[in-house]
Amino acid sequence: MKRFALVLVCLLLAAGSAFASVKNPDTLTVVHANTTITLDPGTCYSSTAFGKIQNIYEPLIFFKGSTTDEFVPVLATEVPTKANGGISGDGTVYTFKIRKGVKFHNGNDLTPEDVAYTLKRAMIIDQNGGPSWMLLEALFDIGSTRGDDGKMIPGVAERIDKAVTVKGDTVSIKLDRPFPPFLAILCYSNGYIIDKEWAIENGCWDGTVANAAKYNNPNVGSEPLHHKVNGTGPYRLAEWEPSVRMVFTRNDNYWGDRPEVKTAVYQIVNEWSTRKLMLQNGDVDRAQVDDTYVSEAMDMQDVAFFQSPELTMFAAFLNQDVVAKGNPYSGSGKLDGQGIPHDFLADVNVRKAFAHCFDRETYKQDVFEGRTILPTSPVIEGLPYHKDVPVHGFDLEKAAEYMKKAFGGKVWEKGFKMNIIYFSGKTTCEAAALMLAENMNSLNPKFKVEVLDVSLKDFNSLYRQRVFPIFITGWGADYPDPHNFAQPFMHSMGAYGKASSLHDDEVDALIEKGIAVVDPDERRTIYERLQDVYYEKALGIPLFQPTQFRAYRSWVQGYVPHPMTTDAMEKFYELRK
C-alpha cells in the first residue's frame, strides 16, 4: 500500500476551553484567495473548482483515506478487481455495479444510463485546456477528439459511444489496451456523475453520435453547466457570487452518512492580513496561509496546523538542442564567450556541472524554512514505485572539473553566456535560478549566466518553442501514477521532454512500456530504471516538491490529507465542529 506521510506540524488546544468557544457550530467557513472557474464536471481542470464539485457531485469510486493506489466504492457498490470479475483478465474491460436508491438533488433517480452518459459526454465535450484527454488516452491512446484542422476526427464519436455500455445495473468501459492508472482517472472531476435527463434539458449534449460535433470544444464559460448544478452529493449549492463567496447547504436526503455541518461557506479574501485576523478571532474555521506567512501563522493560539506533501514537482529543465536563430536567450549562438551553441547542454559534462551548482539543503532552509521535500527524480514521493536515487550534490569543485571536460576543454577556455528563465512572481523558482547562476559564474570569470523572468503567458509559449537553454517550472499530478510524471519530464514527446529536446531511445521505450504493462513487479522494474537514468544522464535538476500547509481552528475535526488535494480544496462533508 502506498501512503503519503502526513506531518502534524503544530496542534495548540486551550485545554478545557477550545470546544466551549466554538463559533457558529452549524456553519463551516473557509477563507481563500482562489476563485472558482466552472462547476461543470466535464470541463473542470482547476483544483479550486474541483474542490467545490466534490461536495455536490460524486464519482463511482474514490481514493481510500490518504492512499494513492487503493479505492473505496461511492456510486458503485464495489471497486472492480480481477478477483471479483470487475476487471477482465486482459485488463481492458472495467465493469461497475451501480448503486440503487440514490437520488439527484432534483429528485431524479441515479441510473446506469446517467453514468454512461457522463463518461461519454466528458470525452465528447473535450474543451481546449480541459481534462478530457485523460479518459481519451486511457480508452483510445489519443490526446484529443480533434485533428490538426480543429474538427472532430471522423469516427471518434462512434468509438466513444461503443466503448461505454450499459447492461442491467452495470456499466462497462472498454479500453483499447491495458491502462494501469485507469481507476485513478475516474476519481478526477470528469468522472463525477451528472443526471442525463437534466443535463440534456439544460442544453448539454443530446446523447446522439450524429450531433456530437455540435457540443465539442465549447468556449470557456459558455458550458451549459458552468453555474448550474444537480448532483447526488452531500451538499447543494445555495449561492454563488463569483469572486466573493459560495454557500453550500446540507443535502438532508443524502443516501450516505449525513454530514455534521449544516452550512459551508467558501469566501474569497485576497489579503493575508484580513484572513489572519478572521482566523485569530475565530470568525472562520480555516484560512489560507501563503508560504511566506507560515511562521507568522504558527504563532496563533487555538489553531491546528497540518503539513502534507503534494504530488507536484518543480525542476530546472536543461534544453539539449536550443533553437539558435534569433534567440536572445543564448547570446551569439556560438561558443565564443558571448553565447552558447545550440547543443551546449547536450554535453553531459555541462549538465552535471550545473547540477553540482545547486545547493539543495541551503535552498530548502533559506527558501522554505525546511518545509519542503527535496525530490531526486520525477517519480516523486507519494507515487507508486518511487525510490530515492542519488543526486549530483552541491560541489563546486566537481562542477569545475566537469566544465573543464566540456567540449574538450573549450568551454573552460573560451567561456560562455546564457540565460536561466523562470516565470514572473514565482519567488521559489527565482531563488533556484539565482543560486544556479551565481554558483556557475563563481567557477570561472568567463562564465556569464544571467537570470530572467518572463510573464507566465509568454513563458508557457516560449518554452514550447525550445528557445530557453534552462527553464524552471513545475508539474502537478493529473492522476497519481508515475507515468503522469515520467512522460512529461522524460519522454521525447512529453510536455517538458519535448521542450528540453530529449531524444533517448531507452527512455522512450521504457515509458511507453511502463503504461502498457499491468504486472506491478514489471512496472516497478521499469520506473526504477527510469529514475536511475534521470540521475545517470543528468536529464534535469530536481528542485522541490511542495508541501501543503493548512490552518484550522482547533475545534475543527476530520481533515484527511491526500496528495491530490490542493490548498483550495475542502471536503466539507468530512469535517465537524
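**View 1. Tyr 463 and Phe 471 are both buried, that is, under 20% relative accessible area with a 1.4 Å probe and protein chains only.** Their ring centres lie 5.4 Å apart with planes at 20°, so this pair is stacked. Rings of Phe, Tyr and Trp (its six-membered ring) pair when their centres lie within 6.5 Å, and planes under 30 degrees apart count as stacked, over 60 as edge-to-face and the rest as tilted. Welcome to a predicted model, where local features need pLDDT of at least 70, side-chain atom pairs count only at pLDDT 80 or more, and totals for chains, interfaces and linings use all residues. Residues are numbered from 1 along each chain as its sequence is written, and side-chain values use heavy atoms, leaving out hydrogens and water.

**View 2. Phe 459 and Phe 468 make a tilted pair.** With centres 5.6 Å apart, their planes meet at 40°. Both of these Phe residues are buried.

**View 3. Here is one aromatic cluster, whose members include Phe 459, Tyr 463, Phe 468, Phe 471 and Trp 475.** Phe 317, Tyr 329 and Tyr 496 are also among its members. By the pairing rule, the count comes to 42 aromatic pairs.

**View 4. The charged end of Arg 553 sits over the ring of Trp 555, 4.7 Å from its centre.** For such a contact, NZ of Lys or CZ of Arg is within 6 Å of the ring centre and within 35 degrees of the ring normal.

**View 5. Arg 286 lies over the face of Tyr 552.** The distance to the ring centre is 5.6 Å.

Methods
Buried < 20%, exposed > 50% of the residue type's maximum accessible area, 1.4 Å probe, protein only.
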